[in-house]
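Please consult the sequence and the coordinates shown below alongside the text.

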Amino acid sequence: MRKENSEFETGFVSEAGSFIDNRDYFAYIETEDLACYVLADGLDTVTDMNSAEMAVKAVLENFMEKPSMSRRRLMRGLRDAHEWLQFESRRVRLKASLLVIVTDYTRMVYASVGNVRLYHFRGGRLNFRSRDHSLAQSLVDDGRIPEDAAHLHEERGNLLEYLGKPGKLQAYVSKKTMLADGDVLLMVTPGMWEEVELAEMLGALEESKDPVILTDTLEEVLLSRQRRIIPNYTAAAISVKKIYQEKPKNRAKLIKRILIALIVMLLIGGGTWITLARSAEKKAQAVQEIMESGSLGDEYARLGDFQKAISPYSEAKNAATRIKDLVNRKLYLNKQALSQAIVDGDGYVDEGDFENAKISYEKALSLAKTYLSSSVDTIEKRIQDLDGYEAIRKQITEADVKFRAGDYTDALKLYEQAYKKATEGGYDRVIQEISGKQSDTQDKLTAIEHELQGIRAGKLAARGERLLQSEEYSGAIDAYAEAQQIYQEIGKLESVLSMERAITKVEDKQRSKQDEERAALAQQQEASDLGAIQQGPAGQAGSQQAAADQAAAQQAAIEQAARMAAEAAIREQTKQTEQNKQTEQTEQNKQTEQTEQKKQTKEPAENGSEDNSDGNEAEASDSESQE
């Protein structure tokens, strides 16, 4: 219940300044008995990973695993963050400065590495400031420059210690410091303390009633400098309104209890055996974890899935570290590095960086010969396949260029050639990629073809509309029908229905016109008959003439309808003829070939028969002369 009986307030500000990404990261956890505040400043420029965030999370995870103010525990958290950044530094080294504070709401302890600073204010004055791990700080310690000039010295950013550096970490861990009511702990990154002097910090502290106002005031001071380039900056303030008051301890009672405990332990002597038993149990569990995780990693490596092998190897390495099994730790550390090198090489191949891919594979091969001989053949094959991969990758790149330029036909040809080479060479890692690119290119070509077909169908529909306006119904129906067929082929069902409605409309108009013509002829016939009755013989002659004209008109209408039906039949026959023409031509070609073969077979026989016929003719002429 220490937190409930104390009062700690926290406020912070963290901005990217003139940059897009903020490489600073601040986070904290407050539990019932302890609180942990962590601030880090990323020193690298990697865009896909935030080294500050990674380091802060590693420290907080270590704290939450076993909350403690132990200096040893704090150092372990920093080492975990350091090793994680080292492990992730495959392409670019990840680096960060970090400051961590742990308090039990009565005392505090802090650890720092790099140049993230802690200012401890008490009673409106500076109680102490943390030391930087920089060359400028070393010059201050040697008395070569004054302390107030360190924040402007050109070597203030030249760090001697930082998370992620090669080798072991040498961080600073403080002793426990008693807190007092009214204390303020200010954590700042270089982007803040380089621009805001100590006097300005004290002025802001005097004017501020809470940590949020304090950090906002510091930000205003920084921005008032109006620098052309503003770096990332972060300020986190922890205001100690009230500490937890511990009951004073009775030293006599404490000494008495310690003596009693010692006597009991001497008499019983069982505590040591219990501790040893528990230690042996933990060691047995760790050994089992080493065996299981190591075997799982070896199985993944045997299957060639080195990405999945990394995690089991890491777990085996960590288990060996816990029980100080240096042999297995070295073994699985190198197997993990081997697997990571292969994964990195595969990544370089995918990116087309074959030079770095070869370096990664050769590193993996060197490790495999010592620690994982079963993978030597697999790695050697990867190295041998690099030339083939490079040739295929170049072809893929060339095809990509044509694809982006809209030359889909040539792009598809190049993708097909690359796919054939990949299939024949067994380059499975690019086959799926090429297949996907082929599919995308074919989709583009199909879309263009459909668009062209749609334009053609649109022109046919417009032609049908013009023919309909000029009452050429048969031509309009043909145009609409052809457009409908194209729309059906390209899958535009709405347009198919639209053409169907247009055809129905034309057919209705055609029938209406025919009905009107028949009605007009019937009216003419009635009028003619009525006139003949009224006019007598003379009228009858006129009516007969009118009847003849009407019959001729009816005959013309019948002939027109017959022509329209014949034209429709001819169009249908034409389509069928076009479909069968190729088949007939093929059959005809086959018959011609067979005839030629028969001729070649019969030529010798025909030559012999000609000779016989010549002899017979000669004999006949002789007999005739004798007669």
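Which residue in strand 10 is the bridge partner of Tyr119? The partner is Leu186. The model under discussion is predicted.

**The open sheet**

- Five strands make up an open sheet, and their order is 1-11-10-6-7.
- The pairing within this sheet is antiparallel.
- Strand 1 (7-15) and strand 7 (125-129) are the edge strands, each of them pairing on one side only.
- From one strand to the next, the twist averages 20°.
- Strand 6 (residues 117-122) and strand 10 (residues 184-188) run antiparallel and are joined by five bridges.
- In general, the strands of a sheet pair through backbone hydrogen bonds, in either a parallel or an antiparallel manner.

**Helices across the strands**

- Helix 5 (residues 198-207) lies across strand 6, strand 7 and strand 10, and its direction is at about 50° to strand 6.
- Helix 6 (residues 211-223) lies across strand 1, strand 10 and strand 11 (233-242), and it runs at about 150° to strand 11.

**Helix 1 with helix 2**

- Helix 1 (residues 51-65) packs with helix 2 (residues 71-88) at an angle of about 140°, and their axes are 8 Å apart.
- The two helices are therefore oblique to each other.
- Helix 1 passes helix 2 in a right-handed crossing.
- On the side of helix 1, the contact is made by Ser51, Met54, Ala55, Ala58, Val59, Asn62 and Glu65.
- On the side of helix 2, the contact is made by Arg73, Arg76, Gly77, Leu78, Asp80, Ala81, Trp84, Leu85 and Glu88.
- The residues of the contact of helix 1 with helix 2 comprise eight nonpolar, three polar and five charged.

**Helix 10 with helix 11**

- The axes of helix 10 (residues 326-351) and helix 11 come within 8 Å and cross at roughly 155°.
- Helix 10 is therefore roughly antiparallel to helix 11, since angles over 145 degrees count as such.
- The crossing of helix 10 and helix 11 is left-handed.
- The contact of helix 10 with helix 11 holds 14 nonpolar, four polar and five charged residues.

**Helix 11 with helix 13**

- Helix 11 (residues 354-371) also packs with helix 13 (residues 386-404), at an angle of about 155° and with the axes 11 Å apart.
- That angle makes helix 11 roughly antiparallel to helix 13.
- The crossing of helix 11 and helix 13 is right-handed.
- Phe354, Ala357, Lys358 and Tyr361 of helix 11 meet Leu386, Tyr389, Glu390 and Arg393 of helix 13.
- By class, this contact of helix 11 with helix 13 has five nonpolar, no polar and three charged residues.

**Annotated region**

- An unreviewed UniProt entry places the feature "coiled-coil region" at residues 499-526.
- In the model, the chain over residues 499-526 is 100% helix and 0% strand.
- The end C-alpha atoms of residues 499-526 are 41 Å apart.

Technical notes:
Residues are numbered from 1 along each chain as its sequence is written. This is a predicted model: local features need pLDDT of at least 70, side-chain atom pairs count only at pLDDT 80 or more; totals for chains, interfaces and linings use all residues. Side-chain values use heavy atoms; hydrogens and water are left out. Axes are lines fitted to C-alpha atoms, for helices over the stretch in contact, and angles run from 0 to 180 degrees between N-to-C directions. Helices (H or I, at least four residues) and strands (E, at least two) are DSSP runs, numbered from the N terminus. Angles under 35 degrees count as roughly parallel, over 145 as roughly antiparallel, 65 to 115 as roughly perpendicular and the rest as oblique. A crossing is left-handed if the near helix is turned anticlockwise from the far one by less than a right angle, and right-handed if clockwise. Contact means heavy atoms within 4.5 Å. Ala, Val, Leu, Ile, Met, Phe, Trp, Tyr, Cys and Pro count as nonpolar, Asp, Glu, Lys and Arg as charged, and the others, Gly among them, as polar. UniProt positions are given in the numbering used here, feature names are shortened, and annotations may be inferred rather than shown by experiment. Two strands pair if DSSP finds at least two bridges between them.
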